Amino acid sequence: MIRIDKPSAPKILRDRGAAATAENRESFDATPTQYKNGTKKFDFSSGIYGAKSVKNALLKAQHKKCCFCESKVAHVAYGDVEHFRPKGGFRQLPDDALGRPGYYWLAYEWENLYFSCQLCNQRYKKNLFPLKNPTQRARSHRGDVSREETEFIDPGKADPAQFIRFREEYMFAIDDNSIGQITISELGLNREALAEERRELLKLLKSVAALATMNTPDSHEARQLLRDHMTDQAEYSAMVRAAFSNNG
């Protein structure tokens, strides 16, 4: 998980997204009770928040990596445009009943959108959005999300390296901080299949690192390869930096 710096919002979000948001706000104000008890639900347009221009902008900003696990998935799966604050409903805990409405007014908000692999989004995060103090949750567009203290790292607003580090292929929370612990556990960031992929990369790069210390014609290329894998563009770069930041 690494810090994500986004460019300006795509035009479709500024135009059609803003108009759809205004409609949703007006609809809620007209019948708030029906939205709160779930008898009325918002219709969201994936053609806006999931538009090609939005997804491409996210892929470019995220170096084609999942915002949570840093896997590159575009060559084998479509991936999802993920809502950090869930649009349709929310859960404080995984087994909680779905709270409604969700963050409907952020459905087309650029800061709330990321590219995610389908496993992180659909199997783990889903509608989960835990807060340190659930009573401060914004329950409509008239609420103030700035009062919320999320228990998930928002990679567009915080540097994950302040909360999470690596021991070999496994993440851990620095000083057992709760936001790091909950991000890792609830998003499955140490799930075995993912750890195995990271383990295989580490195994390969350890051989490269050994070659880099030798005085051979190939040592320069080995050091460059290590440096390349530490850049934000590389898959699992946070792990690689933790393992080899003193090399090359």
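Me: Where is E148 found, in terms of helices and strands?

Reply: Helices (H or I, at least four residues) and strands (E, at least two) are DSSP runs, numbered from the N terminus. E148 sits in the loop between helix 5 (118–125) and strand 3 (164–167). This is a predicted model: local features need pLDDT of at least 70, side-chain atom pairs count only at pLDDT 80 or more, and totals for chains, interfaces and linings use all residues. Residues are numbered from 1 along each chain as its sequence is written, and side-chain values use heavy atoms, with hydrogens and water left out.

Me: Does E148 count as buried or exposed?

Reply: Buried means under 20% relative accessible area, exposed over 50%, partly exposed in between (1.4 Å probe, protein chains only). E148 has 7% relative accessibility, so it counts as buried.

Me: With which side chain does the side chain of E148 make a polar contact?

Reply: A polar contact is a pair of N or O atoms within 3.5 Å; within protein, one must be able to donate a hydrogen and the other to accept it, and residues adjacent in sequence count only if both atoms are side-chain atoms. For E148 the partner is the side chain of R85, at 2.8 Å.

Me: Which residues is E148 in contact with, leaving aside neighbours within four places in sequence?

Reply: Contact means heavy atoms within 4.5 Å. On that basis E148 touches R85, Y103, F129, L131, Q136, R137 and A138.

Me: How do I read the two faces of a strand?

Reply: In a regular strand, side chains alternate between the two faces of the sheet. Take strand 1 (residues 80–83): D80 and E82 lie on one side, V81 and H83 on the other, and all are buried.

Me: How many bridges join strand 1 to strand 2?

Reply: Two strands pair if DSSP finds at least two bridges between them. Here four bridges join strand 1 to strand 2 (residues 113–116), and the strands run antiparallel. V81 has F115 in strand 2 as its bridge partner.

Me: Now a helix residue. Why does T183 count as buried?

Reply: T183 belongs to helix 6 (residues 178–186). Its relative accessibility is 0%, so T183 counts as buried.

Me: Which backbone oxygen does the side chain of T183 reach?

Reply: That of E151, at 3.5 Å. Leaving aside neighbours within four places in sequence, T183 is in contact with M1, E151, F152, I153, I164 and L189.

Me: What about the protein overall: how many helices and strands?

Reply: Nine helices and four strands. From the N terminus on, they run α-α-α-α-β-β-α-β-β-α-α-α-α. Buried residues make up 48% of the 248 residues.
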